[in-house]
Amino acid sequence: MHRKGPTQDIDESALTVTQPKEQAAGVTAVAVALKRGVEEMGVVRTTRSLARVNQVHGFDCPGCAWPEPTGHRRPAEFCENGAKAVAEEATLRTVTPEFFAAHSIEELASKSGYWLGQQGRLTHPMVLHPGHTHYTPIEWADAYRLIAEHLHALTSPDEALFYTSGRTANETAFLYQLLVRSFGTNNLPDCSNMCHESSGTALTSSIGIGKGSVSIDDFGKADLIIVAGQNPGTNHPRMLSALAGAKANGAKVIAVNPLPETGLLGFRDPQTVKGFTSGVAIADDFLQIRLGGDMALFQGLGKLLFDAEDRAPGTVVDRAFVDTHCAGFAQYEKNTHAVDLDTVREATGLSDDDLQRTATLVAESSNIIICWAMGLTQQRHGVATIEEATNLLLLRGMIGKPGAGVCPVRGHSNVQGDRTMGIWEKMPDTFLDALDHEFGITSPREHGMDTVDSIRAMRDGTAKVFIGMGGNFVSATPDTEVTEAALRNCDLTVHISTKLNRSHVVHGQTALILPTLGRTDLDLHNGKKQQVSVEDSMSMVHLSTGRLAPVSDHLRSEVAIVCELAHTLLGADHPVPWAQYQHDYDTIRDAIARVVPGCTDYNRRVRQRNGFQLPHPPRDAREFRTTTGKANFAVNELSWVPVPEGRLILQTLRSHDQYNTTIYGLDDRYRGIHGGRKVILMHTDDITEFGFVPGDLVDLISEWTDGTERTVTGFRIVEYPTPRGNAAAYYPETNPLIPLDHVAARSNTPVSKAVTIRVEPHVHVGQPS
């Protein structure tokens, strides 16, 4: 039975604030998950879908990329936000041609992203012709012809951009990049450019591979886990179970974050009897660091470790590992000895006791894992920060041993797999050579554009066609006004999507919305049930099988859309067997096995109970495929983020009712914020110093080095225990504040965790400024 979405949009005047929670998950999480499921899917569909999330013969959660356990899986192998993600995708609410007939583009553009997403699943391919006010239905064949006509009309294939979301499965990603390179460009921007590009850049330089070196089983063997710049309780709650298990085995956990995050301070596991009555204090220590101070922390810890080594030679530095497997140690040691601890204290806001206590734990621990997420990557010096964290592990010999290593915690499910499958604008020639040999094509060798460069190209008119495989490009990217103008500057924009979002109403002269199956949907071709595969944060590849009846007969799988478009665009005599791939995904995996390193015998291995783990030379054999042939100690000049007089440093973040750009609801209950999203979290002393009181409405103005300013309006001040001079607010509402050129050195990742702002009284419409 199809349902309609809500008619009411967000009413920010209804926002209320209560005390932050002291414990995460528990009975409340279960109740919220079931309530959301029943509201969107009904009782039967909720029961059928949640019983299969992350199970061996089920479907991979469409939320985060946290791995499943390799042993016993619990009946409910999902978290609250995973259940929300399933409800969001498997909803019975639908967006039909009648919906588009009733709502003009102008009206839809006035709605919030939350309202748009709540309307439900897209059911038909739709087109917006130049000068028209409404989307209208279009046949699939006509949509493909329209895309092909625009692409063939380009002066160069490099005038087209092919974006990819992290939820795209391996089979689709492999075919998508094959289509794009067959067409003649490497313009493959993806969501990794906005999140973990800094991790990949740093790790490739340091250890020779841009992936984490630990497995889920390593958490049970660690005796120290550092969780930096990360909020597991909201962004990947199943990680809390792994941390709780590590603590039960004797591990210490240190949380490093500007905000006290509830999940790290108290966790009630709803799948244990104890979790219904009491919680586990996950973090043994909480280092409340200033925004941008993580690099200083890691350098300061390095200095203290060298000081301890000087006092007792041979007790801290793993000389055997360093001498055998590392390069650049002498320069790193010299640089680190010279670090000024007064500067470290100023940059971090931490005390001598904080630093020494942490350094002692690092020195005395035998198995150390360092985990991180956007708090480290989305800094101007994000790459260097991750290199410095890796330096600490190299110093202690913590790469390539059980219970130890680097652990970048990826966001979207399969964002890592997409990169493995070739979704990158700078794939190495070895991959392209294998692709060409397999298919008889000639892949371009000139590097393509990443996300930030793609926005610049659309803005400047040098890119004219944008095709998005999933995602919500407008809401995921920085400098919203510039990004929206850039998309409107295109001749054609195409979005392959499951749900309505902001990107559909910010369109080129011609626009297409192509509705696709989701992770939860049954995918049948010629009567055969198809399966896709995904890669989690820890390089495990496994199958995912949707089983729910699609909400519309007009939906196509992503694989089918790519293959049918390729046939129209490239012609029937193109050497790639697109028709075969469309009807039998095993044949795609056979091709992947011959092209992608580590994927030999793909079809057999992916059907094993836990799938298979891709090779990782540093983890597997302490082999480092870097420019030196060894793990490289990095040497970086200390960088941090001072707070200018009368200003704040802002970080953007998610609410608890949110996953990336998808807003599930309007409650951030762990932080005590309910019924709205336009808030700014500030320290009580900053509120007073600036002449405000909690609850005041303010405008936020970001300041850039060239004098450029950007403004968002009508944000409510919430008193919160942030460090002095730091503030926090939700994205995408604050994305307009981040200039397009405010990017991390070397990775070009937008810097969303260090935005200089001033806070001014809200100027109401009609009120003189």
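Me: How many residues does helix H16 have, and what distance does it reach from its first C-alpha to its last?

Reply: This is a predicted model, in which local features need pLDDT of at least 70, side-chain atom pairs count only at pLDDT 80 or more, and totals for chains, interfaces and linings use all residues, while side-chain values use heavy atoms, with hydrogens and water left out. Residues are numbered from 1 along each chain as its sequence is written, and helices (H or I, at least four residues) and strands (E, at least two) are DSSP runs numbered from the N terminus. The expected span of a helix is 1.5 Å times one less than its number of residues, and for H16, which covers residues 352-364, this gives 18 Å. The helix comes close to that expectation, with 13 residues and a reach of 18 Å.

Me: Which residues of H16 are buried?

Reply: A residue counts as buried under 20% relative accessible area, as exposed over 50%, and as partly exposed in between, using a 1.4 Å probe and protein chains only. On the other side of H16, Asp353 and Glu364 are exposed. The buried residues of the helix are Asp354, Leu355, Thr358, Ala359, Val362 and Ala363.

Me: Within what arc do the buried residues of H16 fall, seen down its axis?

Reply: An α-helix has 3.6 residues a turn, so residues three or four places apart point the same way. The arc is that of the directions from the helix axis to the C-beta atoms. The buried residues of H16 line one face of the helix, because seen down the axis they fall within an arc of 155°.

Me: Which strands and helices are included in what covers the buried residues of H16?

Reply: Covering rests on contact, which means heavy atoms within 4.5 Å. The elements that cover the buried residues of H16 include helix H12 (294-311), helix H15 (341-348), strand S8 (224-228), strand S9 (252-256), strand S11 (285-287) and strand S13 (368-372).

Me: How many residues of helix H18 are buried?

Reply: H18 runs over residues 382-395 and reaches 20 Å from its first C-alpha to its last, close to the 20 Å expected. Just after this helix, Gly397 takes a positive phi of about 70°. H18 itself is mostly covered, and its buried residues number 14 of 14.

Me: What is the radius of gyration of the chain?

Reply: The chain holds 29 helices and 33 strands. Its radius of gyration is taken over C-alpha atoms, and the globule rule is 2.2 Å times the number of residues to the power 0.38. For 769 residues the rule gives 27 Å, and the chain is as compact as a globular protein of that length because its own value is close to this, at 25 Å.

Me: What share of the residues in the chain is buried?

Reply: Among contacts with a separation of 6 or more, 78% join residues 24 or more positions apart. Of the 769 residues in the chain, the buried share is 64%.

Me: Which residues touch the most other members of the largest nonpolar core?

Reply: A nonpolar core is a set of buried Ala, Val, Leu, Ile, Met, Phe, Trp, Tyr and Cys residues joined through side-chain atoms within 4.5 Å. In the largest one, of 64 residues, those that touch the most other members are Leu151, Phe174, Leu175, Phe439 and Trp578. Apart from this core lies another, of 51 residues, including Ile289 and Phe633. To name again the residues asked for, they are Leu151, Phe174, Leu175, Phe439 and Trp578.

Me: Which cysteine has the sulfur nearest to that of Cys191?

Reply: A disulfide is a pair of cysteine sulfur atoms within 2.5 Å, and a search of the whole structure finds 0 of them. Cys191 is thus in no disulfide, its nearest cysteine sulfur being 5.5 Å away. Cys191 counts as buried at 13% relative accessibility, and the cysteine with that nearest sulfur is Cys195.

Me: Is Asn748 buried or exposed, and at what relative accessible area?

Reply: Asn748 is found in the loop between S32 and S33, and its phi is near 65°, a positive value in a residue other than glycine. Asn748 is buried, with a relative accessible area of 16%.
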